[in-house]
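Please look through the sequence and the model shown here before reading on.

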Amino acid sequence: MPAQHPNRSPVFRLITIAASGLGSFVLGLWALRLGFGDDLAAMSAPAVGAVVAALCALASGGAAFSFFAGVDESRSYVFKETQVDKLTGLNGRTAMFGRIAEAVSASIRTGRPAFLIDIDIDRFRQINDSIGYVQSDELVAAFAERLKASLPAGVQIGRIGAGEFAVIHPDGDATFNLERAVERLIERMTEPYPLKTHLQSVKVSVGIVAIPKDGRDPALLLRRSNLALQHARMTGLCGWSSFQPEMGQVADYRQWIEAELHTAFERGDFDLHYQPQLDLMSGRIIGYEALIRWSHPERGMIPPMEFIPIAEETGMIALIGEWVLHKACSDARHLPDECFVAVNISPVQFMTKDFLGVVRKAIETTRIKPSRLELEITETAMMQDRDRAAAILKALSEMGISVAVDDFGTGYSNLSYLIDFPFHKLKIDRSFVSRIDTDSSTGAVVSTIVGLSRALGVHTIAEGVETENQATLLRAAGCEVVQGYFYGKPAPLVIRQGIAAAAHQTLQ
């Protein structure tokens, strides 16, 4: 059955053909009348019949030409609509199924394997909501152009989702190293994108399957590459992962969490635990970090690292984050007046349109002093949209709220934002603290961070302190505030006689 333009139904085509034939016939008779005038009646019947037959033949030919030209146009139209992605000009999802099938057949025939690489822009839906559809399309187009430029000629590339792309990459020659190639690709694709209004940073996750080892059906291969991608996103290991059979179980667990999150929120499964932050010079507690905990009635405690990324991807983080902020501010009223409460802000939550409104509402409804609230924001969150992030941080500072750069040293490599953004504290990541007493280079990095903070006129806090030796070295490096199991584990807030304290191990 010939492909048809959606706006050209069979009835429409029949009307077009009939109108073309009738119109041509009438036009021909009019031309005869105009040309022969009164002499037309004097023509013999056979001559008139011949002329009319010729006109009918011309009309039929014109109608047929119109029909088949329309068919050709329809095929071209349908091909572009179903096989080509309009925004990027790459293969569409339907086309990639065919390309994968072709790659499977070629691999089986030649014995040379290929790789299906699934590349996804992390938290693309949240980026889309934050910067708007126009700029989001601009980002996708720029991402696609860079992807094409970063891959060898002849490699099949397709857009299979809003911010998701598939690449069919041949195994290459003996010198080809997939791991190095993928890591170079990730490094290239995560460089900031200059949009018309701002510089947009992204992170990507990559999943890889081998063709035909990991499957021969295109739908199965795409599913398995996506499972590997989700695994890479959850573990954060180098941003990429190859498919392993056990990943199906991980996907089932992830799907359960996604389905259960909203119910857990409505049921009240979530609670906050608090970990003390200690001033090294005075030895007293000056604040508490609020850490969310999920206690499921059947499965028990579910670690934040397992449900927070899913909450971010599904959009549940907005509700959960608002609840955390409000409860932490409410609990802060029961802490000693000299103590503040620190709240982690998800990058997705930070870039929501009404983030400042949510913060103001939490302060107003709980009636705590803004100076008793500290927001911990990652480098990645601030770099998604530098101009908007700078405006938000300025507004927070004007409100009297302290801002700490969380996980400092593990995120964005360009430190120019330290000059552009107003903040009050650098939080040294636990990955540095854990090695400070075993690796001299790590100690030098910590000392450098402390010196940098002093030059900028901000404070430092180190997280993940678990031994006395680590605490001693941090004090020697000039770090001002510390937190970790050595000083107290996260625990629920305990209220006694109107005076609140965090239930934690006895301070050493």
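Predicted model: local features only at pLDDT ≥ 70, side-chain atom pairs only at ≥ 80, totals over all residues.

**A walk through the model**

R367 is exposed, with a relative accessible area of 76%, where exposed means over 50%, buried means under 20% and partly exposed lies in between, computed with a 1.4 Å probe on protein chains only. The residue R367 sits in the loop between α12 (355-366) and β12 (373-378), and the names of such elements come from DSSP runs numbered from the N terminus, with helices being H or I runs of at least four residues and strands being E runs of at least two.

Residues are numbered from 1 along each chain as its sequence is written, and side-chain values use heavy atoms, with hydrogens and water left out.

Which other residue has a positive phi although it is not a glycine? R123 does, with a phi of about 55°, and R123 belongs to the loop between β1 (114-121) and α4 (124-131). With a relative accessibility of 26%, R123 counts as partly exposed. Another backbone feature is the cis peptide bond that joins I211 and P212, for which omega is about 5°; P212 is placed in the loop between β6 (204-211) and α7 (218-235).

The loop between β5 (199-200) and β6 holds K203, which is partly exposed at a relative accessible area of 45%. Leaving aside neighbours within four places in sequence, K203 is in contact (heavy atoms within 4.5 Å) with D120, I121, D122, T190 and T380.

Turn now to a pair of helices. Helix α5 (residues 133-150) and helix α6 (residues 178-189) pack at an angle of about 145°, with their axes 10 Å apart; here the axes are lines fitted to C-alpha atoms, for helices over the stretch in contact, and angles run from 0 to 180 degrees between N-to-C directions. The contact is made by F143, R146, L147 and S150 on the side of α5, and by L185, R188 and M189 on the side of α6. Sorted by class, this contact has four nonpolar, one polar and two charged residues, where Ala, Val, Leu, Ile, Met, Phe, Trp, Tyr, Cys and Pro count as nonpolar, Asp, Glu, Lys and Arg as charged, and the others, Gly among them, as polar.

The second largest pocket has a volume of about 540 Å³. A pocket is found on a 1 Å grid over the protein atoms alone, as an open set of points where a 1.4 Å probe fits, with protein on both sides within 12 Å along at least five of seven lines, and its lining residues have an atom within 4 Å of a point. Grid points are joined across faces, edges and corners, and the volume is the space filled by probe spheres set on the points. The lining of this second largest pocket has 23 residues, and the closest to its centre are D120, Q230, R233, R254 and E313. Two or more lining residues come from each of β1, α4, α7, α8 (247-267) and α9 (304-314), and by class the lining has five nonpolar, seven polar and 11 charged residues.

Further along, G400 lies in the loop between α14 (386-399) and β13 (402-408) and is partly exposed at 38% relative accessibility. Not counting residues up to four places away in sequence, G400 touches P370 and S371. In helix α14 you find E398, an exposed residue with a relative accessible area of 61%. By contrast, M383 in helix α13 (residues 379-383) counts as buried, at 1% relative accessibility. The C-alpha atoms of M383 and P192 are separated by 8.9 Å, although these residues are 191 residues apart along the chain.

Finally, consider the whole chain, which has 18 helices and 18 strands. Of its 508 residues, 45% count as buried. Among contacts in the chain with a separation of 6 or more, 68% are accounted for by residues 24 or more positions apart.
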